Amino acid sequence: MRPGWWRSPKVRLAVIITAASLLATAWVFLVPIFEGPDEPQHFDYALGIAGAGHLLNARERPTLPNQWSLVVNPDVQYLMQATDLLRVVGDQDQRMPAGYGTTAYYQQLDKAAPQPALNGPPAQNPGLLPVYPFGYYALLGAWLWLVGHLTTSVTILFFSARLLSVLMLPATLLLCYAISRELRITAGKALFLTAVIGLFPLTSFVASAIQPDNLSFLLVSLAVYLALLVRRRGQAPWLLASLGLALGCLLVTKTHYFLCLALPIAAVLLLQRHDQPQRTGRLRAGLLLAAPSLALLAVHLWVVWGTTIPVPSTATAMPNSADFHAAAALGPLPLAKYVGTALGQGAYTYYLGGESFRTFWGTVGWLGRIQFGAPVVYQFLYAVEVGSTLVVLIIMLAHFARTGTRLVRLAGQGRASTALRLALVDPFLVAYLLFTGFMLAYYVLTHGTFYPQGRNWLPFLLPTWMLAFHYAPRALRRDQPALSARLPVISAAGLALLCAVVGAFAIFTIEHRFYATVPGVFS
């Protein structure tokens, strides 16, 4: 083995990915059963597919009302009751039953289970069927079907479902590193970005839970990487087909991510065809790119045909647009006032300390805030998070305004293709900005009743950190060269320290929240 082998970027990348995967795996078993957000419903839908051996559809059987406390599978109902889910999840002072987490505890759970979890198709369709696309649930259902041929243990099936999320993490982190390198970021900075993504507590939380966000993160990263390869290598048929399949799978996993990503990718490919001849004909290229999305969309329509998304009974239960329509009915001024107020509330929620901000930085699922001992420590870190976010936000808004003005001026001079090419240098950043616009618009339309959370931003962690460590310093290079040189170092040191502190105390928080086995840590 040659000297200095540990300095190789590949070796360091492997260490980072291994550490992140081990941390997420520890969370899989440390967080009690169903104590991740919405896990019973996600697990229930996947078990229905696994038990049936094929996709479910709305015409074969009645569909359960979309109420988050209801599930179909008897074993999921049993696990919710046996682990005292409703008692523990709604009360921060409640703890798990004595002996939870031991082998004997899990054996007793399996022994008392009412029936094999994969005992045929469900009596009713899960309530998520008309609400969420089938992509993640089909993948998880296939995984559970395979595991179910090895064991009938419902607890092993549950933890296997969580471990599938962990298995997606290494591929996602590898793609994040590859995207950074395709965007001509140095190997050292790309490794740092990959490390903070993998070890960030939000990543550990989601990657250890039964959540479709994990597949969304993987597919978004894959689609971006393939789009960058197409831009560099040309529109080879196999690359277009792979990109089309990734986008199609994303469409039937989380549709809004697909829309935000497909638009800049399509613009990049159209611009490339305009700039240089391609081996693949226009019609063939279009079919290779669009056919998977059209085919999978047809499957989705087959699944949900005959159902409607349930109408919420109250304004706070599910997303609704009653306030928006009421303001619009009163005229332009009330509508403008409503939109301005809602935009301010959305900005607070996402960037300035609101619920979505807190669940991005320092809250883990339903656990409440991550605790750091003395309240002053938490308040200090919270102030640093808000302050640093605000600084980067101001820098980037000024930079985007200045850059946008230059691009408009360039387009007005008859060089529209050049302006568009410059705007699409980083299609991932453009997708991130479109997603930001979507989240603000959706907040305005629904008045925030869709409960925005930090994990909504998980697939865009890479451009989020690139804004702080790559784009913001570059924006200051001409006017503030000294600050431009120091900002990445200060930001990197601060975020690395934050990941270490928050990551460590997240473990203590989980222990204290559910097991109360760490006396004195929070006193």
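These legends go with several close-up views of one predicted model.

Before you start, note that residues are numbered from 1 along each chain as its sequence is written. Because the model is predicted, local features need pLDDT of at least 70, side-chain atom pairs count only at pLDDT 80 or more, and totals for chains, interfaces and linings use all residues, while side-chain values use heavy atoms, with hydrogens and water left out.

**View 1**
Helices (H or I, at least four residues) and strands (E, at least two) are DSSP runs, numbered from the N terminus. Of the 523 residues here, 50% are buried; buried means under 20% relative accessible area, exposed means over 50%, and partly exposed is in between (1.4 Å probe, protein chains only). The chain exposes about 23,800 Å², and carbon and sulfur atoms supply 67% of that area. Areas like this come from the Shrake-Rupley method with a 1.4 Å probe, and for residues only the protein chains shown count as cover. Now for contacts, meaning heavy atoms within 4.5 Å: among those in the chain with a separation of 6 or more, 80% link residues 24 or more positions apart.

**View 2. Helix α7 (residues 154–182) packs with helix α10 (residues 213–233).**
Two packed helices are described by the angle between their axes and the distance between the axes. For this pair, the angle is about 30 degrees and the axes are 9 Å apart. That makes α7 roughly parallel to α10. The axes are lines fitted to C-alpha atoms, for helices over the stretch in contact, and angles run from 0 to 180 degrees between N-to-C directions. Angles under 35 degrees count as roughly parallel, over 145 as roughly antiparallel, 65 to 115 as roughly perpendicular and the rest as oblique.
The crossing of α7 and α10 is left-handed; a crossing gets that label if the near helix is turned anticlockwise from the far one by less than a right angle, and it is right-handed if clockwise. Residues making the contact include Met-168, Leu-175 and Ile-179 of α7, along with Phe-217, Leu-218 and Tyr-225 of α10. By class, the contact has 14 nonpolar, four polar and two charged residues. Ala, Val, Leu, Ile, Met, Phe, Trp, Tyr, Cys and Pro count as nonpolar, Asp, Glu, Lys and Arg as charged, and the others, Gly among them, as polar.

**View 3. Here we zoom in on Ser-221 in helix α10.**
Is Ser-221 buried or exposed? Its relative accessibility is 0%, so Ser-221 counts as buried. Leave aside neighbours within four places in sequence, and Ser-221 is in contact with Thr-172, Leu-175, Cys-176 and Ile-179.

**View 4. Helices α11 (residues 237–251) and α13 (residues 282–304) cross at roughly 25 degrees.**
Their axes come within 8 Å. α11 and α13 are therefore roughly parallel to each other. α11 passes α13 in a right-handed crossing. Look for Leu-240, Gly-244 and Leu-247 among the α11 residues that meet α13, whose own share includes Leu-288, Pro-292 and Leu-296. The contact of α11 with α13 has 14 nonpolar, three polar and one charged residues.

**View 5. Leu-64 sits in the loop between α2 (39–52) and α3 (74–82).**
With a relative accessible area of 9%, Leu-64 is buried. Which residues does Leu-64 touch, not counting those up to four places away in sequence? They are Leu-70, Val-71, Val-72, Gln-124, Asn-125, Pro-126 and Gly-127. Leu-64 and Pro-126 are 62 residues apart along the chain, yet their C-alpha atoms are separated by 5.4 Å.

**View 6. Asp-84 and Tyr-451 each have a positive phi.**
Asp-84 isn't a glycine, but its phi is about 55 degrees. You'll find Asp-84 in the loop between α3 and α4 (85–89), and at 29% relative accessibility it counts as partly exposed. Tyr-451, in the loop between α19 (427–446) and α20 (461–475), has a phi near 55 degrees.

**View 7. Leu-498 belongs to helix α21 (residues 481–515).**
At 10% relative accessibility, Leu-498 counts as buried. Leu-498 touches Trp-361, Leu-381, Glu-385 and Gly-503, not counting residues up to four places away in sequence. Leu-498 and Phe-200 are 298 residues apart in sequence and 8.7 Å apart in space, C-alpha to C-alpha.
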